[in-house]
Amino acid sequence: MPRIVTLTLNPALDVSTAVEQVIDTRKLRCDTALRHPGGGGINVARVIERLGGDCMAVYLAGGPFGEELRRLVEAENVRGQCIEIAGETRESFSVYEKSTGRQFRFVLPGPTLAEAEWQRCIARLDAFGPPPSYLVLSGSLPPGVPDDIYARLAGSARQKGTRVVLDTSGPALRSALDAGVFLVKPSLGELRELTGRPLANETEWKEAALAIVHAGQARAVVLTLGGLGALLVSERAVLRAPALSVPVASAIGAGDSFLGALVWALDHDAPLEEAFRYGLAAACASLLNAGTELCKKEDIERLYRDIVIG
Ligand SMILES: Nc1ncnc2c1ncn2[C@@H]1O[C@H](COP(=O)(O)OP(=O)(O)OP(=O)(O)O)[C@@H](O)[C@H]1O
Ligand SMILES: [Mg+2]
């Protein structure tokens, strides 16, 4: 059985392309499209696979895009367990505007799940034996799934000694934190929504993250700050890392790359601080590649050496 399991309840077939300029009404002749299997947990598994980790992606898929998604997961040599659903897997479409470097991202809601479908998913995860060392719950919930599904999964995983790593938003984030996880990776926007506070400066970011740790909701908080880098807060450490300056071809999946490398390093018994550094290097490495291509192992290793943590 794999040591790391990722779950993607609402995956997507990611289609990305580029165009000189985005203008309304006109036909925009785009470059050849890149297609990748996407959704938080699948992206995390893609990164762990590239690093040589022992990982399995559990995901739900249906319809023709679901078929294509499954084919692309296999093409990346990601070990996958697909749970068939009646609805159709969504597509996500992103366009890089070459004249400005701006990225436009179109994200659809995903198919509505029947209760039997998400129950089957819970049962599948419960059946893993021996239980994995890490369970990564990443991404949004599709319509039809109860807000507390991550909380339920986190509760039962913890009882089996599995460390839960969480990356989601809104009510799903709040309820899973109430259940308690090992590590949570909010972006600043997600942390602001969670706390209901503007969190205007670094002192407030640290306080908000520490409050999560002190409440026993997570042993560690990794707050990702886009171009400003990231912050690691645990009972033992508060570390602030600025982002490396690299040419940004695409910021899509930077957070997923961060999480993939971080969990891979933790699973190799790296201390949290070192895993945080791997995460930063992978996030930065993913910026170098267009669309949803994510990061390359050699870039992660090269950039890892450049990271300075204060
Ligand atoms: N423009 C950028 N320049 C440099 N580094 C960046 C940039 N954007 C992202 N990063 C790196 O990638 C990491 C993760 O990115 P980000 O904070 O956007 O997380 P995210 O989870 O992808 O966000 P969201 O969930 O809101 O899309 C950051 O901590 C940072 O290290
Ligand atoms: Mg994110």
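Visitor: Leaving aside its neighbours within four places in sequence, which residues is Phe276 in contact with?

Guide: Contact means heavy atoms within 4.5 Å. By that rule, Phe276 is in contact with Val222, Ala230, Leu231, Leu232, Leu239, Ala241, Phe258, Leu262 and Ile309. Please note that this is a predicted model, in which local features need pLDDT of at least 70 and side-chain atom pairs count only at pLDDT 80 or more, while totals for chains, interfaces and linings use all residues. Residues are numbered from 1 along each chain as its sequence is written, and side-chain values use heavy atoms, with hydrogens and water left out.

Visitor: How many residues are in the largest nonpolar core, and which touch the most other members?

Guide: A nonpolar core is a set of buried Ala, Val, Leu, Ile, Met, Phe, Trp, Tyr and Cys residues joined through side-chain atoms within 4.5 Å; buried means under 20% relative accessible area (1.4 Å probe, protein chains only). The largest core here has 55 residues, and Leu183, Leu262 and Phe276 touch the most other members. Helix α9 (residues 272–287) supplies the largest share, eleven residues; helices are DSSP runs of H or I, at least four residues, numbered from the N terminus. A second, separate core of 46 residues includes Leu137, Trp205, Val213 and Val221.

Visitor: How many disulfides are there?

Guide: A disulfide is a pair of cysteine sulfur atoms within 2.5 Å, and the count comes to zero. Cys55 cannot pair because its sulfur is 13 Å from the closest cysteine sulfur, in Cys295, too far for a bond. Cys295 is likewise in no disulfide, the nearest cysteine sulfur, that of Cys284, being 10 Å away. Cys55 is buried at 8% relative accessibility, and Cys295 is buried with a relative accessible area of 1%.

Key: Chains lettered and ligands numbered in written order. Buried < 20%, exposed > 50% of the residue type's maximum accessible area, 1.4 Å probe, protein only. Helix = DSSP H or I, 4+ residues; strand = E, 2+ residues; numbered from the N terminus.
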